[in-house]
Amino acid sequence: MGGVVVVFSLLLLLFPLAFAGHDYGKALSKSILFFEAQRSGYLPSNQRVTWRANSGLLDGKANGVDLVGGYYDAGDNVKFGLPMAFTITMMAWSIAEYGKQMAATGELGHAMEAVKWGTDYLIKAHPEPFVLYGEVGDGNSDHYCWQRPEDMTTNRMAYRIDANHPGSDLAGETAAAMASASIIFRRLNPAYSSLLLSHAKQLFEFADKYRGKYDSSITVAQKYYRSISGYGDELLWAAAWLYQATDDRHYLDYLGNNGDALGGTGWAMTEFGWDVKYAGVQALASKFLFQGKAAHHSAVFERYRQKAEYFMCSCLGKGTRNVQKTPGGLMFRQRWNNLQFVTSASFLLTVYSDYVSATGRNIQCAAGTATPSELLMFAKSQVDYILGDNPRATSYMVGYGSTYPQKVHHRASSIVSIKFDATFVSCRGGYQTWFGRKSGDPNLLDGAIVGGPDAYDDFADQRDNYEQTEPATYNNAPILGVLARLHGGNGVFNQLLPVVLPTPNIPVKNDKKRPMPQPKPSTPAPVSEPSSPFTVEQNATTSWNYEGKTYYRYSTVVTNKSSKTVKDLNISISKLYGPLWGLSKSSNGFGFPTWLSSLPAGKSLEFVYIHAASPADIWVSGYTLV
């Protein structure tokens, strides 16, 4: 026994050294920053990727719906719903598991903003219970042009699924995105969390009741994001996330009763990504089993676990059908954007290592035992390869390390910023002027993970080599959790216990969304969004002219409408261009003035500001009711 203790102690001493090769905190910061370069719509005042500007401002107008916002999927200017929803799910899962570690790097707030940018759009895309918009723009016309998003002249038609044109895979993945995001906003923004969960429940019912593949309804997506796996995996995936979000046994029973029929317990997988979710379902179902929640379906959930561990063993090279690896040790599935599978698999390996570690057991593979630390260290080796520990000594994350791709297949980064040169870039003119340039991109696409090397570790940094140099949101999303976990070092991570997220270091805007659509009588009524306990009223009390500008003095009154006293008030303000009186500056915005520590029920506080513009955007972003 003493020898075991000595060996264990040596491992603890050596483990920090094993994590010391890369700056995982820096890589995490960059990987989150990439999402700001992919934003569509009106960019916020705290936008950090400053070479981008507003774009896609008429999206949805031709269809009579507001679809402004969301993310461009990769190096083009189309908004594809299926990969966008998967991106959001994986970002939310990363935060739900490793949000504490993200907070330690100062990046939790940015990560949550990245999720909310996506879910705000998904709420717009779901205007009725059984209607979901799954694409804006089309790949054919978009790929014919090489334009920055701010100039695009391509068709922005929106495409939808509904009861007569179903898409269970799209609706299921979107339900998973909404449900997983509701978990991370539950403490910080409970009203928004409830709204997301209402949408998730409606979308799951839509997916399950009206079954069909989305690309049979939105046929323009077939060439780019065809759903090869069908919709069985997304139905189970959505149910797993709804159970995780609600603890409602209905969704656990769905996993138990449909696991065999929908393939969850039958498919032995060696890949995980935006199309095929079975390995993710199997990992989550195993977590429920380890937590002791699946007793009524123990036999079914045991089969989920066996398939989850088949995936883990295959990644390690200890299974009966193993994942191919390059000579440099990188998992390899296909030449076109191979790194999407590497980052997704690395996340599953990481989180499953923590699940299994909490049970005190190992994994039994066909070729021997695999320990939890073995899973984690293999995931680390894949991340380290991406960050530069490879035969080419090249980082495949743009902006990280000394050598990384310079000619990324990405319209916005390859064309001079509209803020630097506003000259219009035409559809075909972009190819003539910018696409074929031999020099590097004028804009740094910081944090983007490109498609990566081929089966022999070779890579050609050329803009027309889209298979290897094009980035994608779903390349980055899974790696957030892995980087946060690696940055956290060798501490004990019991991911079977609930993770309580700390308050992020920057505010997440608490926007009021449009009311939820009313379902048909046969549909359970959605949970309504709780009303805010505050009113914010602004009035221009006076104005004057000075050196050709008109200045306004605005009085702002914040009233506590609740029956309780408010403490720890946090007020966020954007689009403020002048001085303010009556509040104290805080790290997350503004708080009570020095002479006030609380706001009793029914009482108000007033502050004023002056600037030469319309009223600033003001909202209450945090508070405590006592």
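What follows is a chat about pockets, helix packing and backbone angles in a predicted model.

Biologist: Before we start, what are the ground rules for this model?

Modeller: Residues are numbered from 1 along each chain as its sequence is written, and side-chain values use heavy atoms, with hydrogens and water left out. As this is a predicted model, totals for chains, interfaces and linings use all residues, but side-chain atom pairs count only at pLDDT 80 or more and local features need pLDDT of at least 70.

Biologist: How much space lies in the second largest pocket?

Modeller: On a 1 Å grid over the protein atoms alone, a pocket is an open set of points with protein on both sides within 12 Å along at least five of seven lines, while a cavity is a set where a 1.4 Å probe fits but cannot get out. Points are joined across faces, edges and corners, and a volume is the space filled by probe spheres set on them. For the second largest pocket that comes to about 970 Å³.

Biologist: Which helix supplies the largest share of its lining?

Modeller: Lining residues have an atom within 4 Å of a point, and this pocket has 40 of them, with Y224, Y225, W274, Q334 and Q340 nearest its centre. Helices here are DSSP runs (H or I, at least four residues), strands are E runs of at least two, and both are numbered from the N terminus. At least two lining residues each come from α9 (222-225), α14 (339-359) and α17 (429-435). The largest share, 4 residues, belongs to α9.

Biologist: And how many residues of that lining are nonpolar?

Modeller: Ala, Val, Leu, Ile, Met, Phe, Trp, Tyr, Cys and Pro count as nonpolar, Asp, Glu, Lys and Arg as charged, and the others, Gly among them, as polar. The lining has 10 charged and 9 polar residues, and the nonpolar count is 21.

Biologist: What is the volume of the largest cavity?

Modeller: The whole structure holds 5 cavities of 30 Å³ or more. Residues including R52, Y72, D76 and H410 line the largest cavity, and its lining splits into 5 nonpolar, 4 polar and 3 charged. Its space is about 50 Å³.

Biologist: Are α12 and α14 roughly parallel or oblique to each other?

Modeller: Axes are lines fitted to C-alpha atoms, for helices over the stretch in contact, and angles run from 0 to 180 degrees between N-to-C directions. The axes of α12 (residues 278-290) and α14 come within 10 Å and cross at roughly 15°. Angles under 35 degrees count as roughly parallel, over 145 as roughly antiparallel, 65 to 115 as roughly perpendicular and the rest as oblique. So α12 and α14 are roughly parallel.

Biologist: Which residues of α14 does α12 meet?

Modeller: Contact means heavy atoms within 4.5 Å. On the α12 side, the residues are A279, G280, A283, L284, S286, K287 and F290. Their partners in α14 are L348, Y352, Y355, V356 and T359.

Biologist: How does α12 sit against α13, roughly perpendicular or oblique?

Modeller: The axes of α12 and α13 (residues 298-316) come within 8 Å and cross at roughly 125°. That angle makes α12 oblique to α13.

Biologist: How many nonpolar residues does that contact have?

Modeller: Among the residues meeting there are F288 and L289 in α12, and F301 and Y304 in α13. By class, the contact has 4 charged and 3 polar residues, and its nonpolar count is 11.

Biologist: What about α2 and α3, roughly antiparallel or oblique?

Modeller: The axes of α2 (residues 24-37) and α3 (residues 81-105) come within 13 Å and cross at roughly 140°. The pair is therefore oblique.

Biologist: Where does D568, with its positive phi, lie?

Modeller: Phi of D568 is near 55°, a positive value in a residue other than glycine. The residue lies in strand β8 (residues 566-574).
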